[in-house]
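Have the viewer open as you go.

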Amino acid sequence: NDVLCSFGGRVYKPGDKRAKYINGPASERFIKSQTLYGFHLTKAHLPIYVVEGYLDVIIMHQHGYNAIAPMGTAFGQEHLKLTLEKSREIILAMDGDSAGRKSALKTAYMSLEYLSPDCEIKFVNFPDNHDAASFLQQYHTLNFLKSYHLYEYIFMAEHIASFNAASSPEKTAQTYMKLMALAAKIKDPILKSEYRKRWKDLWWN
């Protein structure tokens with residue numbers, strides 16, 4: 001809703017060692033795990049992009065994109081459930097640094113148990129050191145970026161990690177078993193079966 005719950009800001013001073021985003025303290029009105037910056041501006045008929053910061057949300061909306069961001073905490077289960085209530089298509093667009101990629105993969109794993117046949121969760125990867133705001137300020141559109149479905153994103157991450165670790169056949173087999181275990185988190189039986197099939201097909205091709 002439109003009720004004021006807190007204040008937030010962003011540090012711009014070069015070399016400032018404080019956290020980049022600063023928020024008010026948690027309170028009865030400001031429950032960080034249930035609050036999303038920009039959520040009240042989103043439109044249900046459009047995909048919702050999940051970004052990392054306030055400026056990302058502002059620039060995204062200026063360019064015609066639905067966007068939200070967590071405030072002072074990682075994008076968590078309550079955020080995901082709230083977002084899925086608003087739109088059945090979510091696109092994770094985290095920062096292009098290592099922290100952003102780790103955050104996106106963590107969200108990918110978390111999302112599996114909330115999947116249903118009527119919703120889609122996708123991911124876009126920004127180039128190194130770009131975020132949603134800087135990319136749009138330079139290129140003015142996200143059309144250049146390929147979006148990856150949840151099953152593709154998880155497979156690429158696991159497959160790359162498996163082979164980057166100079167893995168033995170045993171390590172590779174462990175990665176395959178991990179993918180099958182991740183599919184088990186999906187509650188819908190048809191979707192669960194489809195994920196296993198897609199991952200098996202990708203693995204052996």
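First, the ground rules. This is a predicted model, so treat it as one: local features need pLDDT of at least 70, and side-chain atom pairs count only at pLDDT 80 or more, while totals for chains, interfaces and linings use all residues. Residues are numbered from 1 along each chain as its sequence is written, and side-chain values use heavy atoms, with hydrogens and water left out.

**Helix pairs**

Helices (H or I, at least four residues) and strands (E, at least two) are DSSP runs, numbered from the N terminus. Axes are lines fitted to C-alpha atoms, for helices over the stretch in contact, and angles run from 0 to 180 degrees between N-to-C directions.

| Helix pair | Angle | Axes |
|---|---|---|
| α6 (residues 169-183) and α7 (residues 189-204) | about 160° | 8 Å apart |
| α1 (residues 54-62) and α4 (residues 132-139) | roughly 35° | within 8 Å |

With α6 and α7 packing at about 160°, α6 is roughly antiparallel to α7 (angles over 145 degrees count as such). Contact here means heavy atoms within 4.5 Å. On the α6 side, T172, T175, Y176, L179, M180, L182 and A183 make the contact, and they meet K192, Y195, R196, W199, K200, W203 and W204 of α7. By type, that's nine nonpolar, two polar and three charged residues. For this sorting, Ala, Val, Leu, Ile, Met, Phe, Trp, Tyr, Cys and Pro count as nonpolar, Asp, Glu, Lys and Arg as charged, and the others, Gly among them, as polar.

For the other pair, α1 brings L55, D56, I59 and M60, and α4 brings A132, A133, L136 and Q137. This contact divides into six nonpolar residues, one polar and one charged.

Within α1, the buried residues are Y54, D56, V57, I59 and M60 (buried means under 20% relative accessible area, exposed over 50%, partly exposed in between, with a 1.4 Å probe and protein chains only). They pack against β1 (8-10), β2 (21-23), β3 (36-37), β4, β5 (66-70) and α4. After α1 comes G64, with a positive phi near 90°.

**The cores**

A nonpolar core is a set of buried Ala, Val, Leu, Ile, Met, Phe, Trp, Tyr and Cys residues joined through side-chain atoms within 4.5 Å. Which residues of the largest core touch the most other members? Out of its 38 residues, they are L115, I154, Y195 and W199. Elements that each supply at least two residues to this core include α3 (98-111), α5 (150-164), α6 and α7. Another core, of 18 residues, lies apart from it, and I59, A67, I91 and L136 are among its members.

Setting aside residues up to four places away in sequence, L115 touches I121, L150, I186, L191 and Y195. L191 sits in helix α7 and counts as buried because its relative accessibility is 17%. Beyond its own sequence neighbours within four places, L191 contacts L115, S116, P117 and I186.

Most residues other than glycine have a negative phi. N129 isn't a glycine, yet its phi is positive at about 65°. It lies in the loop between β7 and α4 and, at 72% relative accessibility, counts as exposed. H140, also not a glycine, has a positive phi of about 70°. You'll find H140 in the loop between α4 and β8 (147-149), and its 52% relative accessibility makes it exposed.

Definitions and conventions: Parallel < 35°, antiparallel > 145°, perpendicular 65-115°, else oblique.
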